[in-house]
Amino acid sequence: MHTFRLHETAFAKLPDIFYARVNTEPLGDPYWVAQNHDLAAALNLLNDFFDAPETLAMLAGSAKKYVPQPLASVYSGHQFGVYVPQLGDGRAVLLGRSEDAQGKAWEWQLKGAGKTPFSRFADGRAVLRSSIREYLCSEAMYGLGIPTTRALCITGSNDAVFRETPETAAVVTRIAPSFIRFGHFEYFYHKGMHEYLQPLADFLIRYHFPECTQADQPYLALLQTISERTADLVAAWQAVGFCHGVLNTDNMSALGLTIDYGPFGFLDAYDRRHVCNHSDSGGRYAYNEQPYVVHWNLSRLASCFLPLCEEAGLVAVLDAFPNLYRNAYLKNMRAKLGLQTERKEDEELITDMFNVLQGRRVDFTLFFRHLSETGNTHGEPVPPKLAALFGEQNMEGFTSWLGGYRTRLRAENSGPQARAARMNSVNPLYVLRNYLAEQAIEQAKQGHFGEIERLRRCLASPFEERAEFADFAQPAPEWAAGICVSCSS
């Protein structure tokens, strides 16, 4: 007998102006597309959790009754730099919370379970294609050690959903400590409802940042903590070549999580100006722009703290962000290069490296992975796998850089084998390349879901080379350049 129950989410303790109680819209004849048993175990769910018909109905938005009643939150945000006064959970509903074996609370959210008061003119649905992408990428980011929401499962249906073409519906179950965004603060600030900013800040401090209560200025400490987490997050993205695609303020987590996987992409051939969202014609959210736009987003959040803090303190937090990011980025890049000490010239070494890679179509992920095979000795041949990424005609600039890199390695006097092990522990062999996701999606459209689980298992341990996943460790084929990803899901 199915006895699983969720508890009322802590978010529901906020005044009801923060959300609306909603009813889901059932999927017709739902079925399982993917089940994340690793996450289920981490959430302390029973082994037979997915076996109960009630579980399928609950996570498809098709249960006859939900206790507690789901809710959808209201927020606003800057979309491509333009303020939109009201957004909100247009196709997401918060089901409730559970606690894991350590007593940590997790919120459960269904994405694609129908209209809410904040859907505007949309249908509140998600399609199979985008649900698979979010499921796989959130778990891939978790495997990489990057803060993220997680995905418990996907339920599907043959119900038609119309985007550019007719597609089928799906619901992904997302798990996170909280789904609060920058846009929650923006909504109440720009509406002139400043009396609700303090309860929201108090909520974050109570449930997620209790250390801020010890500060002389708790609300300024809250913004500082959000800034630090956000700097670490975007530095982690840059280090693995991840492009979010739509870094609007409503897609920025107050907890420093990667959230809202839409037109994302991992770099294949390195291009600092790469844009993964074909809707982003101006390149606002290009790979190299991410740190700057995140800083700009943080400034939008800081303005919402004006009723809570002195302006001078807020400006100081914003002014500190570039250095926070730079330090986090350099720490990540030194680790990727196998460097254990800090030297002033490291930044130039890293900049020169990317200048060499730019325009040569060198695979970002495999470059760092194969760089670990490089010895410290001057004049030593370039490892074959690394050389193959460049080709004979592109080696001249790289060999010059490699000489400086080897000089830097010898200055540390670190053994090549120990360095290679360190580098391989932070440089993944596997990432969720767009073409791999596309292959899984195409099979799923035919009712074959095995590739989704195979990819998830691989991406759960992206640093560990395994023969069974050798096909996932290849550069993207030429046809992958034609994959078109947009905001539509």
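Predicted model: local features only at pLDDT ≥ 70, side-chain atom pairs only at ≥ 80, totals over all residues.

Modeller: Numbering runs from 1 along each chain as its sequence is written, and side-chain values use heavy atoms, with hydrogens and water left out.

Biologist: Which residue does UniProt list for "active site"?

Modeller: The unreviewed UniProt entry gives Asp250. UniProt positions are in the numbering used here, feature names are shortened, and annotations may be inferred rather than shown by experiment.

Biologist: Where is aspartate 250?

Modeller: Aspartate 250 sits in the loop between strand S11 (242-243) and strand S12 (265-266). Helices (H or I, at least four residues) and strands (E, at least two) are DSSP runs, numbered from the N terminus.

Biologist: Is aspartate 250 buried or exposed?

Modeller: Aspartate 250 counts as buried because its relative accessibility is 7%. Buried means under 20% relative accessible area, exposed over 50%, partly exposed in between (1.4 Å probe, protein chains only).

Biologist: And what does aspartate 250 touch?

Modeller: Not counting residues up to four places away in sequence, aspartate 250 touches Tyr75, Ser76, Gly77, His78, Gln79, Leu87, Arg181, Gly183 and Asp260. Contact means heavy atoms within 4.5 Å.

Biologist: Which residues get the "binding site" feature?

Modeller: The unreviewed UniProt entry puts that feature at Gly88, Gly90, Arg91, Lys111, Asp123, Gly124, Arg174, Arg181 and Asp260. From this set, Arg181 is in the lining of the largest cavity. On a 1 Å grid over the protein atoms alone, a cavity is a set of points where a 1.4 Å probe fits but cannot get out, and lining residues have an atom within 4 Å of a point.

Biologist: What about glycine 124, buried or exposed?

Modeller: Glycine 124 is buried, with a relative accessible area of 3%. Glycine 124 lies in the loop between strand S7 (105-111) and strand S8 (126-127), and its contacts beyond four places in sequence include Gly90 and Arg91.

Biologist: And arginine 91? Why is that one called partly exposed?

Modeller: Arginine 91 counts as partly exposed because its relative accessibility is 25%. Arginine 91 is in the loop between strand S5 (82-84) and strand S6 (92-99).

Biologist: Switching topic: what does the side chain of lysine 336 make a polar contact with?

Modeller: The side chain of asparagine 427, at 2.7 Å. A polar contact is a pair of N or O atoms within 3.5 Å; within protein, one must be able to donate a hydrogen and the other to accept it, and residues adjacent in sequence count only if both atoms are side-chain atoms.

Biologist: How far away is the nearest opposite charge from lysine 336?

Modeller: Lysine 336 is buried with no salt bridge, and the nearest side chain of opposite charge, aspartate 363, is 10 Å away. A salt bridge is a side-chain nitrogen of Lys or Arg within 4 Å of a carboxyl oxygen of Asp or Glu. Lys and Arg count as positive and Asp and Glu as negative; His and the chain ends are not counted.

Biologist: Last one: how many residues of helix H10 are buried?

Modeller: In helix H10 (residues 364-371), 8 of the 8 residues are buried, so the helix is largely enclosed by the rest of the structure. Its cover includes helix H6 (218-240), helix H9 (346-357) and helix H11 (384-390). At the start of H10, a side-chain oxygen of aspartate 363 comes within 3.2 Å of the backbone nitrogen of threonine 365.

Note on methods
1 Å grid on protein atoms, 1.4 Å probe; cavity = no way out; pocket = protein on both sides within 12 Å on 5 of 7 lines; lining within 4 Å.
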